[in-house]
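This report goes through one protein model, from its overall fold to two individual residues. Please keep the sequence and the 3D view at hand while reading.

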Amino acid sequence: MEHILIVYYSRKGQNYWNGSIRDLPKGNTEIVAEMIQEAVGGDLFKVDTVKPYSADYTTCTQEAQEELRANARPELKEYLDSLDGYDTIFVGYPNWWGTMPMAMFTFLEHYDFSGKRILPFCTNEGSGMGSSECDLQRVCAGAAVERGLAVRGCETAKSKKKVADWAKALV
């Protein structure tokens, strides 16, 4: 039996949604993370920054772009004590400027992923996985990073079967 961790960053509030801005009570990536947990079990861990991003969508995208350009590592509220008990780690995030939010880099660089399986998933509005799979291979040295699942944010609610089938096929 695999020991599964589902670690993710997600943003609720104003999000780009199929050509417009919509206020989401729960972030799309969090919803997908919960779908994975329902399908295959495992522990959930939400990555959260000390300094919150702007509630305004446009301002948030500008902040995210500035962090990417600066190769910033935002401070996180907490970390897991260890990844030692986990064989398989689902890593989820929204696609921000072609990759993971910089907060995910902060989290991932904190650990040794040697011998782990990394199963990435992201939410986006048309940009797919971007360069995030390559970035994960670089950041999670020693891990087997497998092909990820991209879910369009506006299709999250109707993606339960797609997400469950993907997760079950990998564990």
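## Terms and basis

Helices (H or I, at least four residues) and strands (E, at least two) are DSSP runs, numbered from the N terminus. This is a predicted model, in which local features need pLDDT of at least 70 and side-chain atom pairs count only at pLDDT 80 or more, while totals for chains, interfaces and linings use all residues. Residues are numbered from 1 along each chain as its sequence is written, and side-chain values use heavy atoms, with hydrogens and water left out.

## Overall fold

The protein has 5 helices and 8 strands, which follow one another along the sequence in the pattern β-β-β-α-β-α-β-α-β-α-β-β-α. Its radius of gyration (taken over C-alpha atoms) is 15 Å, close to the 16 Å that the globule rule (2.2 Å times the number of residues to the power 0.38) gives for 171 residues, so the protein is as compact as a globular protein of that length. Along the principal axes, the C-alpha atoms fill a box of roughly 40 × 35 × 25 Å.

Contact here means heavy atoms within 4.5 Å; among contacts between residues at least 6 apart in sequence, 78% join residues at least 24 apart.

## Burial and charge

Of the 171 residues, 50% count as buried, a term that means under 20% relative accessible area, with exposed set at over 50% and partly exposed in between (1.4 Å probe, protein chains only).

The protein carries 19 positive and 24 negative side chains, and the centres of the two sets lie 6 Å apart. In this count Lys and Arg are positive and Asp and Glu negative, without His and the chain ends, and each charge is placed at NZ of Lys, CZ of Arg, CG of Asp or CD of Glu.

## Ser54

Ser54 sits in the loop between strand 4 (43–46) and helix 2 (57–70), and because its relative accessibility is 19%, Ser54 counts as buried. A polar atom of the Ser54 side chain lies 3.1 Å from the backbone nitrogen of Asp56. Not counting residues up to four places away in sequence, Ser54 touches Arg11, Thr59, Cys60 and Glu63.

## Cys140

Cys140 belongs to the loop between helix 4 (132–139) and strand 7 (144–145), and its relative accessibility of 0% is why Cys140 counts as buried. Leaving aside neighbours within four places in sequence, Cys140 is in contact with Leu108, Phe113 and Ile118. The C-alpha atoms of Cys140 and Gly115, 25 residues apart along the chain, are separated by 10.0 Å.

Key: A polar contact is a pair of N or O atoms within 3.5 Å; within protein, one must be able to donate a hydrogen and the other to accept it, and residues adjacent in sequence count only if both atoms are side-chain atoms.
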